[in-house]
Amino acid sequence: MKYEELVHRCFRCGYCKFTEDYHDFNCPTYRKFRFETYSPGGRMWLIRAWLNNEIKTSERFQQILFSCATCANCVEHCVFTFKDDLVNIFVAAREKLVSEGIIPPAVRDYLKNIYIGGNPYKEPEAERGKWTEGTSIKAFEGQEYLFYIGCVGSYDERAKKIARSVGNLFLKSGLSFGILGEKEHCDGNEVKVLGEAGLFQYLAERNITQFKEIGAKKIVTLDPHALNAFKKHYRELGATFEVFHSTQILAHLIRSGKIPLSSYEARVTFHDPCYLGRHNGIYDAPREILQSIPGVELLKMRQNKADALCCGGGGGNFFTDILGGGKDSPGRIRVRQALDTGAQIIAVSCPQCAKMLDDALKAENLTERLEVLDVSEILNRALA
Amino acid sequence: MVQLSFDAHLCKTCPTGDCLVKCQYLDVDREKAGEEMVKISEGKDSFVLQDCVTCYACEEYCKRGNHPFYLITERRQEKGILVAPRAITRQWVNIGEPQGKYKVGKIRDKVLSLGFMPEYLESVKGELFEDLMPSYVFGQEFFCNVVYIHFADTAIIKQRLPRVIDHFKSLGVREVVFMHDECYGAFASLAPAYGMEVPFKAVHYFEYLYQRLRDLRDKIRPLRLKAAYQRPCSARLCPDKHHFVRDIMNLIGVELVERQYQDENALCCSGILSLCFGYDIAHDVKARNLADMVKHGAQYCVFNCPACQNTLGAEVAKMGIRPIHMIDLCRMAIGEKSPNGVRPT
Amino acid sequence: MKNILQALADAVGRDYVSDQPEEMYFYARDPGLMPPHQPDYVVVPGTVEEIQTVVRLASREKIPIVPMGAGMALTGLIIPLKGGIVLDMKRMNRILEVHEKARYALVEGGTSQGFLKSYLEEHHPRLRHSIPDSPATATIAANVMIHGQGRLTQQYGFNSDMVSGLEVVLASGEICRIGSCAVSPDWFSKGAPFPDLSGLFLGWFGATGIITKIAVKLYPRKKMRDVEIFLTDDEELVPSMIYELTHTEMVEDINIFVQPRPMIFRGNHHIALFFTGDTDEELEFKRKLIWHALDPYIKSKDGGFMGIPPVMKPTLLDMPQKSVSRFADVKKGGGFEYSGPIILVEKYPQCARKIVELAARYDLGYSGMARIIGRGHSMMYGFAFTFNRADSEMMARTRSALCEISLFVLELGGVFWKPTVEEQKMALEKMDPNTRALMKMIKANLDPLGIMNPGNWEVA
């Protein structure tokens with residue numbers, strides 16, 4: 001297994017489970033399951049035992065590995081020098097399971113759907129661009145930016161609204177951009193974190209070739225997960241294009257006066273998506289957008305930025321739901337944390353977080369008191 | 001070439017006894033000054049050997065070409081008179097021991113030596129250092145070891161310095177810009193005085209900064225602020241470079257406040273005093289120095305030596321004076337650093 | 001056994017019981033060097049009532065039951081030596097009350113040091129508790145159960161001396177309150193003025209009962225905190241230096257460390273002195289007194305205060321000190337283990353020489369760390385060795401070195417802190433026979449079936 005030389009170095013001291021100030025446990029699976037085995041230290045010790053044949057590949061072991069939301073709270077708070085590789089180690093163990101063909105059915109189904117149909121929704125690839133219907137968003141033909149949507153924004157009803165919302169703002173601002181529509185392919189970030197390295201490489205190389213062929217030099221992604229794949233893993237495969245998240249572009253457009261704003265009165269709290277924040281260090285852009293809207297009062301959740309609690313959708317769980325629901329599921333804890341701030345709106349900047357927290361609001365019966373909106377959707381409400 | 005020899009005859013005829021009379025830490029009159037120096041040179045005991053705080057200043061006070069400080073240092077060493085507690089000396093000797101953990105940038109003819117001051121890697125950026133970076137060296141392997149003069153241990157300097165010179169030699173560099181007075185002094189004067197051949201030209205970073213600022217003159221926006229300069233002990237090893245402080249300040253529009261403890265009268269940052277002599281003297285010197293800065297309206301305290309900055313940085317900040325390193329001040333003048341809320345007068 | 005699993009599930013909920021190989025593997029061991037032994041079940045209870053039900057079940061079925069906090073003692077005290085149930089207490093982590101004026105906090109038995117610290121900083125910024133340097137996941141209850149020490153130990157003694165009340169579930173499943181809380185709603189004293197029954201539980205590692213609630217004393221938290229480090233190369237002088245320092249009554253905490261790496265630390269003894277103040281003036285006053293206390297040693301050149309680089313300060317002032325955990329990976333191997341006897345401060349020179357001697361003989365990376373307990377009444381001397389978990393030979397050498405220390409400590413008049421089962425036996429053997437008999441009587445009466453963390457404090 002890749003990173004095998006690191007697994008024995010965990011002392012299981014447990015700093016990885018906490019926020020920086022020890023305010024609360026912040027590992028999504030540990031918060032839910034409460035056995036040490038579901039914490040980063042537990043995983044490290046079990047992976048080692050598994051590699052040494054001291055435990056077998058059981059269903060529970062698979063659950064322990066695949067429930068990890070790869071949220072990188074452990075990477076942020078581990079005290080050892082190998083901290084940066086913690087998520088990589090868990091993904092490497094998943095890769096080994098995938099290569100041995102022993103994976104939970106939900107993971108298998110996700111990967112199969114991508115392999116066969118190109119997306120996890122079992123929808124035709126030709127319908128990837130359907131979300132643009134009724135808008136004047138154009139196909140990419142050499143504009144300054146390629147707006148990359150990803151599977152969730154292309155097919156999920158909630159996420160499609162977010163794609164339209166961002167698209168609308170780009171149009172309003174006069175940004176030169178186009179989309180791939182039916183020619184877009186899955187970015188593969190979740191394929192990668194679910195351990196299917198071969199399929200990921202195929203997807204990545206196909207995308208890199210396509211982006212090169214059509215001359216896309218600047219890519220703006222709707223989904224932080226795609227941003228992550230492009231920024232980190234595509235680079236390793238030779239990609240040279242620049243990548244931005246939509247919030248970075250929107251913040252820039254607001255700064256340069258291209259998005260005229262009136263006001264929108266609301267108390268808003270911002271939930272940091274793991275793949276935007278901890279994984280890629282983008283904390284300020286979405287906040288800058290919110291703060292630029294007259295009337296928006298930005299309230300801080302106790303756990304924010306590098307200490308934000310994951311919505312529970314990371315690491316493929318958005319599709320596989322191995323982490324699962326219940327009152328201690330991270331999504332539900334997160335909306336309760338948002339409620340504590342006195343906010344009316346939970347702002348997000350990731351289509352996966354939007355859906356996860358929407359579902360959590362319903363489960364918590366909070367839909368009357370709170371609303372989950374993408375930063376762009378709030379911006380649209382504030383347009384002059 | 002600098003000779004570090006000592007001629008007692010010069011003391012016997014010295015009309016001023018400046019070396020000890022001007023000393024800020026010993027109370028000695030003209031007559032006594034001559035007597036004590038002669039005693040020391042003759043190998044006799046003197047309270048000076050016990051009480052000298054190693055500020056190096058007598059090297060500068062003596063205008064007759066003698067080297068009182070090196071004499072005191074050598075005698076202390078011969079007699080086994082410790083300046084610092086044994087454990088402190090050991091700690092410092094340990095710190096300078098090469099560990100194979102040095103860093104070398106992209107070496108060209110001209111190289112910047114960060115000595116053993118890792119904090120500088122963050123500072124030596126931007127246009128001022130365009131000519132040099134990333135041609136730099138850092139680590140104990142390139143550390144001049146002159147700090148051990150403070151501990152009256154020239155033996156270790158003489159033992160380690162040739163190896164350091166060899167390390168530079170193996171890089172094949174022609175010119176080295178040194179980021180510390182001690183380093184510059186080590187290669188510009190001490191090594192030759194010890195009979196070691198230095199195969200490159202040593203440049204003081206003040207001189208380098210001054211030249212670069214002249215090149216970048218168009219970019220300078222005068223800072224229009226008042227600053228005190230904390231002159232380090234080691235600046236006495238290269239008094240001929242001290243004028244660059246004023247030259248640079250003039251270029252960047254900084255007014256050096258005319259305070260009591262400046263230039264030749266500079267006070268020790270107190271770091272070495274607390275290491276070697278305890279609370280009272282260190283506290284007294286520090287308090288006088290800070291009060292002097294405040295009294296003369298300094299907004300900034302400009303540091304040269306990182307040890308001074310470590311010792312005094314937080315203290316000056318408490319008095320409402322912003323601590324800043326000379327490099328950062330220069331970078332501020334060409335717009336690379338913001339003044340962080342300190343309003344220019 | 002299926003019935004037991006079901007019964008446990010009925011008690012705490014199916015999600016919080018496991019008999020699966022993954023949990024059995026993990027909960028069979030702690031991060032130290034003691035041999036593992038698997039439990040039969042791991043249970044993560046959420047309430048005192050659930051614990052009572054589990055204990056009654058264990059009692060009925062004569063199944064061993066082992067309470068566990070974070071498992072950071074490293075000496076195997078949470079390893080279920082005879083199988084049975086491991087009770088992972090960390091789901092019970094609520095802070096139930098902080099009495100600001102009476103300066104105590106009442107928390108559940110699985111509350112971590114980190115939680116309480118963070119809670120106090122946020123809600124009671126003028127109060128603090130005595131934080132140990134074990135990782136922040138370590139629990140308050142487990143720490144006093146092993147008579148841990150913390151940042152306020154030089155001032156107020158062992159952390160267990162700062163307990164002001166306990167709620168315990170006995171082997172019978174009954175709840176028992178210890179201290180003022182037994183007769184009053186207030187948790188201000190663990191015993192006085194009545195007979196102090198806390199000794200029936202503290203230091204027993206769960207062999208006499210399970211702590212489900214604990215009140216600990218809180219102390220003034222000053223706005224500022226600083227640290228100075230005094231160096232000496234002469235271990236013989238350390239006890240006198242400590243005597244002078246403790247006399248000032250100005251110091252919060254005194255730690256003495258000696259370690260070969262990094263080079264800056266080689267060959268010296270470092271007396272780290274932490275002190276606090278609400279104003280610059282107060283802090284400076286204390287600093288001055290502390291420095292003056294050691295003036296004679298500076299004059300004689302036997303010691304001096306080092307200049308602490310500003311970048312080093314946050315590491316030193318960290319609570320808990322994360323660097324303590326980092327020691328585990330010095331050999332890139334994720335392990336360390338230490339023997340930490342409680343012993344007179346005047347034995348410092350012998351201890352300091354012993355660790356260097358053993359490290360050399362067994363070729364081990366080491367760190368010696370003493371923490372002064374009370375005003376020099378004793379100290380904990382930690383003989384710590386770091387090892388590579390993937391190197392069984394190095395682990396064996398570490399075990400041997402630690403065994404030698406056990407013998408050395410007893411001979412020197414020290415007593416074991418959080419002793420391994422072997423050390424417990426050694427201590428019981430050396431113990432006054434009447435004391436031993438008293439311990440036996442207590443254990444037999446509180447745990448007649450021998451199900452409470454069996455193997456620990458068992459008098460033959």
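Trainee: How far apart do the C-alpha centres of domain 1 of chain A and domain 2 of chain A lie?

Mentor: This is a predicted model, in which local features need pLDDT of at least 70, side-chain atom pairs count only at pLDDT 80 or more, and totals for chains, interfaces and linings use all residues. Residues are numbered from 1 along each chain as its sequence is written, while chains are lettered from A and ligands numbered from 1 in the order in which they are written. Chain A is assigned domain 1 (4–103), domain 2 (123–251) and domain 3 (261–381), such bounds coming from an automatic or database domain assignment. Between the C-alpha centres of domain 1 of chain A and domain 2 of chain A, the distance is 30 Å.

Trainee: How many charged residues are on the side of domain 1 of chain A that touches domain 2 of chain A?

Mentor: Six residues from domain 1 of chain A and five residues from domain 2 of chain A form the contact, where two residues are in contact if their C-beta atoms, placed from the backbone, lie within 7 Å. The classes are nonpolar (Ala, Val, Leu, Ile, Met, Phe, Trp, Tyr, Cys and Pro), charged (Asp, Glu, Lys and Arg) and polar (the others, Gly among them). On the side of domain 1 of chain A, three residues are nonpolar, one is polar and the charged ones number two.

Trainee: How many charged residues are on the side of domain 1 of chain B that touches domain 2 of chain B?

Mentor: Chain B is assigned domain 1 (8–79), domain 2 (94–209) and domain 3 (217–333), and the C-alpha centres of its domain 1 and domain 2 lie 30 Å apart. Their contact takes five residues from domain 1 of chain B and six residues from domain 2 of chain B. The side of domain 1 of chain B has no nonpolar residues and three polar ones, whereas its charged residues number two.

Trainee: Which chains share the most contacts?

Mentor: No contact joins chain A and chain B, and their closest C-alpha atoms lie 17 Å apart. Two pairs of chains are in contact, and of these the pair that shares the most contacts is chains A and C.

Trainee: Which helix gives the largest share of the side of chain A that touches chain C?

Mentor: The contact between these chains takes 31 residues from chain A and 32 residues from chain C. Helix H2 (40–51) and helix H3 (59–66) of chain A are the elements that give two or more residues to the chain A side, elements being DSSP runs numbered from the N terminus, with at least four residues for helices (H or I) and at least two for strands (E). The largest share, four residues, comes from H2(A).

Trainee: Which helix supplies the largest share of the side of chain C that touches chain B?

Mentor: This contact takes 23 residues from chain C and 22 residues from chain B. On the chain C side, strand E12 (224–232), helix H8 (280–293), helix H9 (295–299) and strand E15 (303–305) each supply at least two residues. The largest share, four residues, comes from H8(C).

Trainee: What positive phi does Gly80(B) take?

Mentor: Helix H6 (residues 68–79) of chain B has 12 residues and spans 16 Å from its first C-alpha to its last. Its buried residues (20 or more other C-beta atoms within 10 Å of their own, C-beta atoms being placed from the backbone) include Phe69(B), Leu71(B) and Ile72(B). The buried residues of H6(B) pack against several helices of chain B, among them H3 (30–41) and H8 (154–171). Just after H6(B), Gly80(B) takes a positive phi of about 70°.

Technical notes
Expected span 1.5 Å × (residues − 1). Buried ≥ 20, exposed ≤ 12 C-beta atoms within 10 Å, placed from the backbone.
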